[in-house]
Amino acid sequence: IKDSLIVIMPHSLEYINFSEADNFSQLIDSIKTLSKKFNKVDCLVYFDDYVKKTYQNYFNNLNINLICGARANSANALNHIREIFDKYEYVVSNCMGSALLYAMFCNCKVSIMEPFFNYSYEFWNSDPYLRNNKKIIELMNFHHSEEFLRKKYNFLFKSDPKLSEKNYTLA
């Protein structure tokens, strides 16, 4: 759809929840602003967050659809994601994740927006597979940090998603 945008929301996992330190208010305000600049704006919510209704209350009175993303262990996950991204010209997120690469592969114009979302230390520490290895938590924290991502992928940070470009070769 021409002049359409889908916002990839930060996601938890079935066995990890966001903590009180993870705040979404600024992100929701940014999405409200973006909804005035595009013909269509929807939000892609990871399957587990969709089921848990993590974002439902934030969007109750907005004309923005929450689209249920794929479940990681689904045999049709990649087909499902492809069907979603094929409907949008622009894709934006405020954090790094595999969905950005999938969107690039689907030839969407992809960018990272402000305010950048840093997963909290508490989020990583609540992962039963990580909590006993503080060095891995520190590594995850660093590799998802704005500082690291700006060094590696600064070209993805855009003040306006309409300035983003296709990056199929990167995907």
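Asp 3 is buried, with a relative accessible area of 15%. In this predicted model, Asp 3 forms a salt bridge with Lys 162, and the closest N and O atoms are 2.9 Å apart. Asp 3 sits in the segment before strand S1 (4–8) and Lys 162 in the loop between H7 and S6, so the pair ties together parts that are 159 residues apart in sequence. Lys 162 is partly exposed, at 33% relative accessibility.

A search of the whole structure finds nine salt bridges. Two of them involve Arg 150. One is with Glu 114, where the closest N and O atoms are 2.4 Å apart. This pair links distant parts of the chain: Glu 114 is in the loop between strand S5 (109–112) and helix H5 (121–125), while Arg 150 is in helix H7, 36 residues apart. The other is with Glu 146, at 2.9 Å between the closest N and O atoms. Glu 146 and Arg 150 are four residues apart in helix H7, so about one helical turn separates them. Arg 150 is partly exposed, with a relative accessible area of 30%. Glu 114 is partly exposed at 39%, and Glu 146 is partly exposed at 22%. Elsewhere, salt bridges link Lys 2, Glu 89 and Lys 109 in a network.

Asp 49 has no salt bridge, yet is buried. The nearest side chain of opposite charge, Lys 52, is 4.3 Å away. A salt bridge needs the nitrogen and the carboxyl oxygen within 4 Å. Asp 49 is found in helix H2 (residues 47–52). Beyond its sequence neighbours within four places, Asp 49 is in contact with residues including Pro 10, His 11, Phe 18 and Tyr 55.

Next comes His 144, in the loop between helix H6 (134–143) and helix H7 (146–153). At 19% relative accessibility, His 144 counts as buried, because the cut-off for buried is under 20%. The His 144 side chain reaches the backbone oxygen of Met 140 at 3.0 Å. Contacts of His 144 beyond four places in sequence include Met 96, Phe 116, Tyr 119 and Trp 124.

Gly 69 is buried too, with a relative accessible area of 6%. Gly 69 lies in the loop between strand S3 (65–68) and helix H3 (77–85). The C-alpha atoms of Gly 69 and Tyr 46 are separated by 4.6 Å, although the two are 23 residues apart along the chain. Among the other residues that Gly 69 touches are Leu 44, Phe 47, His 80 and Ile 84.

Finally, the surface. Leu 101, Phe 155 and Leu 170 make a nonpolar patch of about 250 Å². Leu 170 lies in the segment after strand S6 (165–166) and counts as partly exposed, at 39% relative accessibility.

Terms used
Residues numbered from 1 in each chain as written. Predicted model: local features only at pLDDT ≥ 70, side-chain atom pairs only at ≥ 80, totals over all residues. Heavy atoms only, no water. Patch = residues over 30% accessible without salt bridge, like charges linked within 9 Å, V, L, I, M, F, W, Y side chains within 5 Å. Areas by Shrake-Rupley, 256 points an atom, 1.4 Å probe, with all protein chains shown as cover. Helix = DSSP H or I, 4+ residues; strand = E, 2+ residues; numbered from the N terminus. Buried < 20%, exposed > 50% of the residue type's maximum accessible area, 1.4 Å probe, protein only. Polar contact = N/O pair within 3.5 Å; in protein donor to acceptor, adjacent residues only side chain to side chain. Contact = heavy atoms within 4.5 Å. Lys, Arg positive; Asp, Glu negative; His and termini not counted.
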